[in-house]
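Look over the sequence and the model first, then read the points below.

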Amino acid sequence: MIERSMHVIAVRNLTETSAYHRDVLGFTVRQTGDDGWRIFERDGCRIMAGHCPDAVPAHELGDHAYFAYLVLDDANAFHTEVTANRAEIIKPLRDEPWGMREFGIRTPDGHRLLFGQDID
């Protein structure tokens, strides 16, 4: 049984990434006891960010896929929230034939997240 899911990303600037997840996406930033790591939490989602200054930035990978698909209870409200906070929307909010209302964003690091809601 899988009890929970956590996502792990490498970032070049942990301070900027932490501020983005807090200020734009509404996550709480938690210290881990290791200065090279932060955990971003919101509701049932946790993202672990590791400071990797020499890593190839996600936006330079070219074919970088979405690293997470987060299922929401209200995609419209979350889209409104993150748009007001100036998130870069890379996939517009729309209903998809597979039964999800979804949109995608790209973080300043180049990491991409997809958000969706089941269409009833």
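Which residues make a nonpolar surface patch of about 340 Å²? Y69, V71 and W98 make the patch. The model is predicted.

**Surface patch**
- W98, one of the patch residues, sits in the loop that runs between β6 (88-95) and β7 (100-106).
- W98 has a relative accessible area of 55%, so W98 is exposed.

**Helix α1**
- Helix α1 covers residues 14-23, and L14, T17, S18, Y20 and H21 in this helix are buried.
- Those buried residues fall within an arc of 160° when α1 is seen down its axis, so they line one face of the helix.
- Exposed residues T15 and E16 are carried on the face of α1 turned away from the buried side.
- Which strands are included in what covers the buried residues of α1? The cover includes β1 (6-11), β2 (28-31), β3 (37-42), β4 (45-51), β6 and β7.
- The N-terminal end of α1 is capped by N13. A side-chain oxygen of N13 lies 3.1 Å from the backbone nitrogen of T15.

**Salt bridges**
- How many salt bridges does a search of the whole structure find? The search finds 10.
- Side chains of opposite charge can pair when their charged atoms come close.
- R22 pairs with D23 in a salt bridge, with the closest N and O atoms 2.7 Å apart.
- R22 is partly exposed, at 43% relative accessibility. D23 is also partly exposed, at 44%.
- R46 and E41 form another salt bridge, and their closest N and O atoms are 2.7 Å apart.
- R46 has a relative accessible area of 27% and is partly exposed. E41 is buried, at 15%.
- The salt bridge between K91 and E102 brings the closest N and O atoms to 2.4 Å.
- K91 lies in strand β6 and E102 lies in strand β7, so this pair ties together parts that are 11 residues apart in sequence.
- Are K91 and E102 buried or exposed? Both K91 and E102 are buried.

**The network around E96**
- Which residues are linked with E96 in a network of salt bridges? K91, R94 and E102 are linked with E96 in this network.
- E96 is placed in the loop between β6 and β7. W98 is found in the loop between β6 and β7 too.
- E96 counts as buried, because its relative accessibility is 11% and the cut-off for buried is under 20%.
- The side chains of E96 and K91 are joined by a polar contact of 2.8 Å.
- With neighbours within four places in sequence left aside, E96 is in contact with K91, E102 and I119.

**M48 in strand β4**
- M48 belongs to strand β4. M48 is partly exposed, at 24% relative accessibility.
- How many residues separate M48 and H7 in sequence? They are 41 residues apart in sequence, yet 6.0 Å apart in space, C-alpha to C-alpha.
- Beyond its neighbours within four places in sequence, M48 is in contact with M6, H7, V8, I9, W37, R38 and I39.

**Positive phi in loops**
- D43 is not a glycine, but its phi is positive, at about 50°.
- D43 is placed in the loop between β3 and β4. Its relative accessible area is 77%, so D43 is exposed.
- R86 is another residue other than glycine with a positive phi, near 70°.
- R86 is found in the loop between α2 (75-84) and β6. R86 is exposed, with a relative accessible area of 76%.

Technical notes
Residues are numbered from 1 along each chain as its sequence is written. This is a predicted model: local features need pLDDT of at least 70, side-chain atom pairs count only at pLDDT 80 or more; totals for chains, interfaces and linings use all residues. Side-chain values use heavy atoms; hydrogens and water are left out. Patches are made of residues with over 30% relative accessible area and no salt bridge: like charges are joined within 9 Å, nonpolar side chains (Val, Leu, Ile, Met, Phe, Trp, Tyr) within 5 Å. Accessible areas come from the Shrake-Rupley method with a 1.4 Å probe; for residues, only the protein chains shown count as cover. A salt bridge is a side-chain nitrogen of Lys or Arg within 4 Å of a carboxyl oxygen of Asp or Glu. Helices (H or I, at least four residues) and strands (E, at least two) are DSSP runs, numbered from the N terminus. Buried means under 20% relative accessible area, exposed over 50%, partly exposed in between (1.4 Å probe, protein chains only). The arc is that of the directions from the helix axis to the C-beta atoms. Contact means heavy atoms within 4.5 Å. A polar contact is a pair of N or O atoms within 3.5 Å; within protein, one must be able to donate a hydrogen and the other to accept it, and residues adjacent in sequence count only if both atoms are side-chain atoms.
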